[in-house]
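Take a moment with the sequence and the 3D view below. Then follow the chain step by step.

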Amino acid sequence: MKFQCAKCSHIFTERTAICEDWRIKEKSFGCPSCKIFLRDPRKQGVGSALGGMAINQAVALIFVFLVFGVIWKLEEFTGVSQIYFYVPLLIVAGWYIYKNPAKPLMAKPYSD
Ligand SMILES: [Zn+2]
């Protein structure tokens, strides 16, 4: 899991985030670059980071169904076996995943 500081755009992980006092949430999650404490985007519930992720996943799911539907129809129209459509699709999907690793979650400072 990666995070991006909304103030300085530094990308950091849970392990490199600074923590002054784990009992106080305003002091337990900070940017290691500019040393300000941030809101943990995982703890903000629906409507922010998690809400955005759920919407992205729903869109991706609809897209996958659409692609499968198109391939199914293509076989019907062209008489070409579905396998010839799936192979390039898998290559493109694999390349996309390789080139676009999980985007970091934006962590905003408390003053916002
Ligand atoms: Zn920062």
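**Reading the model**

Start with helix α2, residues 83-99. Its 17 residues, at 1.5 Å a residue, should span 24 Å. The end C-alpha atoms of α2 are 24 Å apart, which agrees. Keep in mind that this model is predicted.

Is α2 buried or in the open? Of its 17 residues, the number buried is 0, so α2 lies largely in the open. The count rests on a cut-off: a residue is buried if 20 or more other C-beta atoms lie within 10 Å of its own. Across the protein, buried residues make up 9% of the 112 residues.

Now step back to the whole chain. The protein has 2 helices and 3 strands. From the N terminus on, their order is β-β-α-α-β. Look at the contacts too. Take those between residues at least 6 apart in sequence: 47% of them join residues at least 24 apart.

Next, the loops. Which residue in the loop between β1 (2-5) and β2 (11-13) deserves a look? Ser9 sits there. Ser9 is not a glycine, yet its phi is positive, about 60 degrees. Most residues other than glycine have a negative phi. Ser9 has 12 other C-beta atoms within 10 Å. A residue with 12 or fewer is exposed, so Ser9 is exposed.

Move on to the loop between β2 and α1 (49-78), where Lys35 is found. Lys35 also is not a glycine, and its phi is positive, near 60 degrees. How many C-beta neighbours does Lys35 have inside 10 Å? The count is 10, so Lys35 is exposed.

Key. Residues are numbered from 1 along each chain as its sequence is written. This is a predicted model: local features need pLDDT of at least 70, side-chain atom pairs count only at pLDDT 80 or more; totals for chains, interfaces and linings use all residues. Helices (H or I, at least four residues) and strands (E, at least two) are DSSP runs, numbered from the N terminus. Two residues are in contact if their C-beta atoms, placed from the backbone, lie within 7 Å. The expected span of a helix is 1.5 Å times one less than its number of residues.
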